[in-house]
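Thanks for coming, everyone. Let me put the structure up, and then we will walk through it together.

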Amino acid sequence: MGQCVTKCKNPTSSLGSKSDAGKSHGKKGGTGGAHKEEVAKSSVDVIFNGTKVSEVTVEGGVAPTLSALDVRRDQSAQDGVSLARIHDMFSCYKDEHEDAILEEGMERFCNDLCVDPAEFKVLVLAWKFQAATMCKFTRREFVDGCKAIQADSIPGICSRFPVLLEESRGEESFKDLYRFTFQFGLDAEQGQRSLQRSIAIALWRLVFTLDSPPVLERWLDFLSDNPCAVRGISRDTWNMFLNFTQSIGQDLSNYSEDEAWPSLFDSFVEWETERRRRERAHEGSETDPPADCEASSMWPGP
């Protein structure tokens, strides 16, 4: 890729035969000078990335290099995506003092995309942009991300959403998205290594927007009901929860404490088992008839 390939248009006239070459070199003032001039002015096609760029005359038998304009044109239209338009789009939303789209610009960007900043589509877009921080796109993240999804305009990005959402459903893609979400939720500037409980709960609901596992709401209720016991979510706990949802049944009957689950999962299973026991007891008390009704039924009616 990127190599210039030169091809002589008249190879027979420029190369000549061995006998003709010997005659021309054996005589002064012969056709040798004209022959060299003919070689020097041979017309060539210049091919760049497999496409003919221009037809030029080569002086001295050396192919010319591409002009800066040709290089920029090639770089700005990779696979139909214009880098110039991507940079212009970025400039519409970038911060005045930092070469990045920050919270205010992100809000305008989302408004133009007709999406909510807290919507699953925005998380998927951040995943494709490989954004390091929430509410922020650096220029490189934005440009590389737009190139990755093949879009260089607001309508172009909008048109890619259905494809991106479908891609996120794939097993390997979702696993990558899921792990990205944990890192995305961390405050990189503060050097965080675990998610705050409230942020983790919000991100779990967000990342499972399209396919929510049956146990998710009970898990989030457990986290909400135990604020003192659960202050932060580690990377290991976050990653293992995806395995938990895929391998443990809805009734949790196949859960084993002997397996290498995080201790928080043991606490959750105990909490959920006790909750279900109380729920069954409550349902049973509601269906049992009152004691006085049972006694009266023992006596015959009038």
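First, a term: buried means under 20% relative accessible area, exposed means over 50%, and partly exposed is in between, with a 1.4 Å probe and protein chains only. What you see is a predicted model, where local features need pLDDT of at least 70, side-chain atom pairs count only at pLDDT 80 or more, and totals for chains, interfaces and linings use all residues. Residues are numbered from 1 along each chain as its sequence is written, and side-chain values use heavy atoms, with hydrogens and water left out.

Now the overview. The chain has 302 residues, and 32% of them count as buried. Its secondary structure comes to 15 helices and seven strands. Those are DSSP runs, numbered from the N terminus: H or I with at least four residues for helices, E with at least two for strands. Contact, in this talk, means heavy atoms within 4.5 Å. Take the contacts with a separation of 6 or more: 62% of them are between residues 24 or more positions apart.

On to the core. A nonpolar core is a set of buried Ala, Val, Leu, Ile, Met, Phe, Trp, Tyr and Cys residues joined through side-chain atoms within 4.5 Å. Which residues touch the most other members of the largest one? Trp204 and Phe244 do, in a core of 69 residues. Helix α7, residues 120-129, gives this core its largest share, eight residues.

Look at Trp204. Setting aside neighbours within four places in sequence, Trp204 contacts Tyr178, Leu216, Trp219, Leu220, Leu223, Ile233, Trp238 and Phe241.

Keep Tyr178 in view. The whole structure holds 32 aromatic pairs. Here rings of Phe, Tyr and Trp (its six-membered ring) pair if their centres lie within 6.5 Å; planes under 30 degrees apart are stacked, over 60 edge-to-face, and the rest tilted. Tyr178 and Phe208 have ring centres 5.7 Å apart and planes at 50 degrees, so this pair is tilted. Tyr178 sits in helix α10 and Phe208 in the loop between α11 (197-207) and α12 (216-225), so the pair ties together parts 30 residues apart in sequence. Both residues are buried.

Helix α10 also holds Thr181. Thr181 has 0% relative accessibility, so it counts as buried. Beyond residues up to four places away in sequence, Thr181 touches Leu123, Leu203, Val207 and Trp238.

Next, Val215, in the loop between α11 and α12. Val215 is buried, at 9% relative accessibility. Its contacts, leaving aside neighbours within four places, are Phe241, Phe244, Thr245, Leu252 and Phe268. Glu272 is 57 residues away along the chain, and its C-alpha atom is 9.9 Å from that of Val215.

Now helix α9, residues 154-168. How far apart are its end C-alpha atoms? They are 21 Å apart, which agrees with the 21 Å that its 15 residues should span at 1.5 Å a residue. The expected span is 1.5 Å times one less than the number of residues. There is a kink of about 40 degrees at Phe161, shortly before the proline Pro162. That bend is the angle between axes fitted to the seven residues ending there and the seven starting there.

Ile154, Gly156, Ile157, Phe161, Leu164, Leu165 and Ser168 are buried in α9. Their cover includes α5 (83-93), α6 (103-113), α7, α8 (139-149) and α10 (171-185). Ser153 caps the N-terminal end of α9, with a side-chain oxygen 3.0 Å from the backbone nitrogen of Gly156.

The side chains of Thr237 and Ser234 make one of 3.1 Å. Thr237 is buried, with a relative accessible area of 9%. Aside from neighbours within four places in sequence, Thr237 contacts Pro262, Leu264 and Phe265.

Last, two loop residues. Cys114, between α6 and α7, has a positive phi near 60 degrees, though it is not glycine. Is Cys114 buried or exposed? Cys114 is exposed, at 70% relative accessible area. Gln150, in the loop between α8 and α9, has a positive phi near 60 degrees. Gln150 is partly exposed, at 35% relative accessibility.

Terms used: A polar contact is a pair of N or O atoms within 3.5 Å; within protein, one must be able to donate a hydrogen and the other to accept it, and residues adjacent in sequence count only if both atoms are side-chain atoms.
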